[in-house]
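Please keep the structure open while reading.

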Amino acid sequence: MKHFFKIIVTILCFCTFGFSGQPAEAGMISEKQEIEMGKATARQIEARYGVLNDPQITDRVNRIGQSLVDVCGRKNLTYTFKVLNTEDVNALACPGGFIYVFKGLVDYMPSDAELAGVLGHEIGHVVKRHTVHQLEKNMWTQLAAILAGVASGNGDVLAMGMVVGDALAAGYSRADESAADREGFAYTVKAGYSPYAMLVTMHKLQELADEYGNPGWGIFDSHPDPAQRIRNMYKLMDPMKMTPSPVLGTDGIASVKETFGNSKDVWSFDIAAAAGGNKPMYRAELLAGSLYQVRQKDKIEPSHFIVFESNDKAEIYYEDIQLYTVYKQDAAGFAGIGACAADCVERFREWAEKVNRAKPVAKQ
């Protein structure tokens with residue numbers, strides 16, 4: 001209760017004109033107050049769901065999140081990234097930089113790029129202070145509800161639910177969601193992830209909502225029409241003139257293709273299997289985007305393609321850029337996953353050599 005009255009006093013300090021009946025002015029909530037609200041909401045969320053105790057997963061999510069923070073437009077905050085211990089597929093951002101993904105979402109988005117797309121979107125909400133602005137608009141309504149809760153003896157619950165609980169409900173406008181998409185796209189590209197990352201996450205989340213229903217909050221809440229979001233994402237991607245390009249064949253096999261010099265000199269990498277929770281086309285899009293990021297290097301060193309092999313998959317990187325994951329579904333006809341990964345690396349080295357030869361011509 002003592003903590004609750006601190007919240008009431010804080011909110012009353014926002015009200016410089018008493019009960020005038022006028023809407024609150026934007027910018028009333030300071031950054032310090034925003035952080036305190038975020039802390040209160042974070043405690044509530046963690047008490048409800050529990051935080052996953054798996055250092056490998058949590059370290060990975062934090063690594064990806066912090067790489068995006070390094071290129072975001074509001075670096076002065078201390079951002080935290082935690083995984084909630086539930087199989088739900090969702091994510092949310094609290095004011096002040098407290099960002100959560102659900103364990104189910106981590107499983108559903110296997111690549112770093114996909115997680116980066118989700119985390120970038122949530123960071124965008126924090127950078128633009130979307131929840132804070134929503135609270136500022138509704139300050140008088142919130143205050144009246146809290147004071148009514150004090151009178152009824154339910155003040156502590158109402159304080160959490162009405163003042164900072166809006167972050168959990170994530171009541172963003174469609175304009176805010178579109179802005180977070182734009183911010184997230186910019187962060188993923190600047191941080192070196194596949195530019196297709198957010199597009200893939202949009203497709204997958206829409207498929208999930210179509211199959212199981214929309215939970216109506218978090219990353220699903222108040223989003224613009226999915227088809228419009230996808231069109232908007234293509235508009236952001238078009239000026240980049242990205243190559244190589246992902247192509248879906250009529251046989252269901254997806255390919256990543258690039259033409260060099262003339263129509264006869266074509267490099268192609270085929271992906272026939274759905275694996276790691278991703279369809280062939282999603283895998284092709286993520287690979288095409290990652291190769292595009294590699295292409296931005298002044299020179300691509302063929303020896304810098306690296307394989308990290310485990311029991312059930314092999315991760316292929318170019319330096320610190322995650323390119324492609326080889327699964328057992330890809331290894332049919334090979335001695336094993338490692339042999340398949342080695343073959344993929346040879347294909348990527350072939351591509352790199354073609355890019356290097358073509359670059360001097362492109363600069364003329």
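In which element does Ser-67 lie? Ser-67 lies in helix 3, and the model in which it is placed is a predicted one.

- The side chain of Ser-67 has a polar atom 2.6 Å from the backbone oxygen of Ile-64.
- When residues up to four places away in sequence are not counted, Ser-67 touches Ala-191 and Tyr-193.
- Thr-131 is a residue of helix 6, and with a relative accessibility of 8% Thr-131 counts as buried, because buried means under 20%.
- Thr-131 and Gly-38 stand 93 residues apart in sequence, while in space their C-alpha atoms are 9.9 Å apart.

**The largest pocket**

- The largest pocket holds about 470 Å³ of space, and among the 27 residues that line this pocket, those closest to its centre are Pro-110, Ser-111, Glu-315, Gln-322 and Thr-325.
- Two or more lining residues come from each of helix 3 (55-69), helix 4 (103-108), helix 5 (112-127), helix 13 (280-295), strand 8 (313-318) and strand 9 (321-327).
- Strand 9 makes the greatest contribution to the lining of the largest pocket, giving five residues.
- By residue class, the lining of the largest pocket consists of 11 nonpolar, seven polar and nine charged residues.

**Backbone features**

- The peptide bond that runs from Thr-243 to Pro-244 is cis, its omega being near 0°, and Pro-244 has its place in the loop between helix 12 (226-237) and strand 4 (245-248).
- Lys-241 lies in the loop between helix 12 and strand 4, and although Lys-241 is not a glycine, its phi is positive at about 50°.
- Is Lys-241 buried or exposed? Lys-241 has a relative accessible area of 66%, and since exposed means over 50%, it is classed as exposed.
- Arg-129, likewise not a glycine, has a positive phi of about 55°, and Arg-129 is placed in the loop between helix 5 and helix 6 (130-137).
- Arg-129 is buried, with a relative accessible area of 17%.

**Salt bridges**

- How many salt bridges does a search of the whole structure find? The search finds 19 salt bridges, and some of them are described in the points that follow.
- Glu-183 and Lys-128 form a salt bridge in which the closest N and O atoms are 3.7 Å apart; this pair links distant parts of the chain, with Glu-183 in helix 10 (residues 174-190) and Lys-128 in the loop between helix 5 and helix 6, 55 residues apart.
- Within this pair, Glu-183 counts as buried at 19% relative accessibility, whereas Lys-128 counts as partly exposed at 37%.
- Arg-295 forms a salt bridge with Glu-258, with 2.5 Å between the closest N and O atoms; the pair joins distant parts of the chain, Arg-295 being in helix 13 and Glu-258 in strand 5 (residues 254-259), 37 residues apart.

How values were computed
Residues are numbered from 1 along each chain as its sequence is written. This is a predicted model: local features need pLDDT of at least 70, side-chain atom pairs count only at pLDDT 80 or more; totals for chains, interfaces and linings use all residues. Side-chain values use heavy atoms; hydrogens and water are left out. On a 1 Å grid over the protein atoms alone, a cavity is a set of points where a 1.4 Å probe fits but cannot get out, and a pocket is an open set with protein on both sides within 12 Å along at least five of seven lines; lining residues have an atom within 4 Å of a point. Grid points are joined across faces, edges and corners, and a volume is the space filled by probe spheres set on the points. Helices (H or I, at least four residues) and strands (E, at least two) are DSSP runs, numbered from the N terminus. Ala, Val, Leu, Ile, Met, Phe, Trp, Tyr, Cys and Pro count as nonpolar, Asp, Glu, Lys and Arg as charged, and the others, Gly among them, as polar. Buried means under 20% relative accessible area, exposed over 50%, partly exposed in between (1.4 Å probe, protein chains only). A salt bridge is a side-chain nitrogen of Lys or Arg within 4 Å of a carboxyl oxygen of Asp or Glu. A polar contact is a pair of N or O atoms within 3.5 Å; within protein, one must be able to donate a hydrogen and the other to accept it, and residues adjacent in sequence count only if both atoms are side-chain atoms. Contact means heavy atoms within 4.5 Å.
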